[in-house]
Amino acid sequence: MHTFNLFSIFAQKQIVMKNSETIDYDRIAKAIQYINQHFKQQPNLDEVAQHLHLSSAHFQRIFTQWAGTSPKKFLKYTSVEYAKWLLKEKQATLFDTAEALGLSSTSRLHDLFISIEGMTPAEYKNEGKGLIIYYHFFETLFGLVLIANTNKGICYMVFVEDNKNALDHLFQQFKQATFIKEKHQRQLDALQIFDQKKANLNSIKLHLKGTDFQLKVWNSLLTIPEGNLVTYSTIANSIDNPKAWRAVGTAIGSNPVAFLIPCHRVIQSTGNFGNYMWGSLRKEIIIGWEGVQTHESESF
């Protein structure tokens, strides 16, 4: 097992009302954080449950219900060894992925489910002037999110620790836009991405403010299959600019749409998961959860 630079993103919650899904996520996050911090002592189920002030049976039940596997098995999907195995054995090239799906080119991969439309030069330059942006907060499997959309698609989606800060950042991205707090069908479509069964998913359109280079990088991220991990250099190669891996890293760090554009699937070449805009621990948990969903029957 390995340790991470863990942010204290779960230390102080400013959300007064939480549903059971978010409460369970917080518990799972605290459990994984505790195990990582005490991995040398190899804490057992009873010790972790006691740390969460839960009975062992209750902790085992909510963890298995949330993650789809036991705490012990889940932790193997958050290890450097697992990441290295994926990079070595499971990282299909973008071309191979496209060929397996019967597509003529990698550029068409994102058309299967999620597609990106860049904002017009006028919308970009004028900071969203003339746009109407709808926004709302939602509980998800990985915590509270703020989702915003124009009539063309999702333009912003972030995990939230502080509601006001999240809104302030959204308003700063589109200073001249008109904002309406309202649930919208595009937001509800986006929430489907957190459905474990992912049955009958609707296509999701993204309407993003970004440079041509950023849009190219974000499109490339959409080609990474769930449960797989790639490196920054892989993304740089995929956009035919192998020397631009640092700029690629910056573009990935500027991703305005969490989870839908899976920047969490990009890791360091060493197998370390690295940083994440919405917390290293959350990135670790998402990678572990996706690993369970796609590789539970495989050994490594």
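**Close-up 1. The largest cavity of the predicted model has a volume of about 40 Å³.** A search of the whole structure finds one cavity of 30 Å³ or more. The residues that line the largest cavity are Ile-154, Arg-186, Asp-189, Ser-203, Ile-204 and Lys-205, and the elements that contribute two or more residues to this lining are α9 (185-191) and β6 (204-208). Sorted by class, the lining of the largest cavity consists of three charged, two nonpolar and one polar residue.

**Close-up 2. Helix α10 packs with helix α12 at an angle of about 80°.** Two packed helices are described by the angle between their axes and by the distance between the axes. Here α10 covers residues 212-221 and α12 covers residues 245-253, and their axes are 9 Å apart. The angle makes α10 roughly perpendicular to α12, because values of 65 to 115 degrees count as roughly perpendicular. On the side of α10, the contact is made by Phe-213, Gln-214, Val-217, Trp-218 and Leu-221, while α12 brings Ala-247, Val-248, Ala-251 and Ile-252. Of the residues in this contact of α10 with α12, eight are nonpolar and one is polar, with no charged residue.

**Close-up 3. The rings of Phe-63 and Phe-74 form an edge-to-face pair.** The structure holds 17 aromatic pairs. In the pair of Phe-63 and Phe-74, the ring centres are 5.5 Å apart and the planes lie at 85°, so the pair is edge-to-face. This pair links distant parts of the chain, with Phe-63 in helix α3 (residues 56-67) and Phe-74 in helix α4 (residues 71-76), and the two residues are 11 residues apart.

Note on methods:
Residues numbered from 1 in each chain as written. Predicted model: local features only at pLDDT ≥ 70, side-chain atom pairs only at ≥ 80, totals over all residues. Heavy atoms only, no water. Axes fitted to C-alpha atoms, helices over the stretch in contact; angles between N-to-C directions. Helix = DSSP H or I, 4+ residues; strand = E, 2+ residues; numbered from the N terminus. Parallel < 35°, antiparallel > 145°, perpendicular 65-115°, else oblique. Contact = heavy atoms within 4.5 Å. Nonpolar A, V, L, I, M, F, W, Y, C, P; charged D, E, K, R; others polar. 1 Å grid on protein atoms, 1.4 Å probe; cavity = no way out; pocket = protein on both sides within 12 Å on 5 of 7 lines; lining within 4 Å. Points joined across faces, edges and corners; volume = space filled by probe spheres on them. Phe/Tyr/Trp six-rings, centres within 6.5 Å; stacked < 30°, edge-to-face > 60°.
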